[in-house]
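Subject: Structure handover

Hello,

Here is the structure we spoke about, with its sequence. My notes on what turned up in it follow below.

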Amino acid sequence: MPGTPEADPWSASCPSRAIIDILASKWVLLLLPILRNGPKRNGELMRAIEGVSQKMLTQTLRDLEQYGIVTRYSYAEVPPHVEYSLTRIGASLADLMQSLDHWVIKHYRSMQRSA
């Protein structure tokens, strides 16, 4: 966007740090690869990610929606339901997150032995 300075996450005053804060969440790291498989309802996400509270899942999804990573679609049905899916930029981020998940799985045992 013209007039918008480049992101400089190494600068304490750069607003891009807010995005980094969100992306550093363990819930984001676990959520995005699940959404790679297609739209999911809230209940599906709760079952897929053990330990996440409803409050934390809702807040995480809202944050991701705010930055254009996730899209929320409300169906006008009775009972109403909502689905979440990745945007194009969200899908590219999910690919990176999945690589990180695979890295953790691959190196988990050697890292545990070192701890």
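The count of salt bridges in this predicted model comes to 1. The partners are Asp95 and Arg36, whose side chains meet with an N to O distance of 2.7 Å. Asp95 belongs to helix H5 (residues 88–114), while Arg36 sits in the loop between helix H2 (26–35) and strand S1 (40–41), so the pair ties together parts that are 59 residues apart in sequence. Asp95 is partly exposed, with a relative accessible area of 38%. Arg36 is also partly exposed, at 37%.

For orientation, here is the overall layout. The protein chain has 5 helices and 3 strands, and along the sequence they follow the pattern α-α-β-α-α-β-β-α. The C-alpha trace spans about 50 × 50 × 25 Å along its principal axes. Of the 115 residues in the chain, 28% are buried. Among contacts between residues at least 6 apart in sequence, 46% join residues at least 24 apart.

In soluble globular proteins, nonpolar side chains tend to be buried together. The largest nonpolar core here holds 21 residues, and those touching the most other members are Leu31, Leu32, Leu45, Leu64 and Val70. Two or more residues each come from H2, helix H4 (54–66), S3 and H5. H2 gives the largest share, 6 residues. As for Val70, leaving out residues up to four places away in sequence, its contacts include Leu32, Leu35, Leu61 and Leu64, as well as Tyr84 and Leu86.

H4 has 13 residues and runs 18 Å from its first C-alpha to its last, close to the 18 Å expected at 1.5 Å a residue. Which residues of H4 are buried? They are Leu57, Thr60, Leu61, Asp63 and Leu64. These cover an arc of only 160° around the axis, which puts them on the same side of H4. On the other side, Lys55, Arg62 and Gln66 are exposed. The buried residues of H4 pack against helix H1 (16–23), H2, helix H3 (42–48), strand S2 (70–75) and S3. Just after H4, Gly68 takes a positive phi of about 75°.

A polar atom of the Thr60 side chain lies 2.8 Å from the backbone oxygen of Met56. Not counting residues up to four places away in sequence, Thr60 touches Trp27, Val28 and Leu31. Leu31 is also one of the core residues listed above.

Last, His81. This residue lies in strand S3 (residues 81–86). Is His81 buried or exposed? Its relative accessibility is 13%, and the cut-off for buried is under 20%, so His81 counts as buried. The side chains of His81 and Glu77 are joined by a polar contact of 3.2 Å. Beyond its neighbours within four places in sequence, His81 is in contact with Arg41, Tyr73, Ser74 and Tyr75.

Regards

Definitions and conventions. Residues numbered from 1 in each chain as written. Predicted model: local features only at pLDDT ≥ 70, side-chain atom pairs only at ≥ 80, totals over all residues. Heavy atoms only, no water. Helix = DSSP H or I, 4+ residues; strand = E, 2+ residues; numbered from the N terminus. Buried < 20%, exposed > 50% of the residue type's maximum accessible area, 1.4 Å probe, protein only. Polar contact = N/O pair within 3.5 Å; in protein donor to acceptor, adjacent residues only side chain to side chain. Contact = heavy atoms within 4.5 Å. Salt bridge = Lys/Arg side-chain N within 4 Å of Asp/Glu carboxyl O. Core = buried A, V, L, I, M, F, W, Y, C linked by side-chain atoms within 4.5 Å. Expected span 1.5 Å × (residues − 1). Arc of directions from axis to C-beta.
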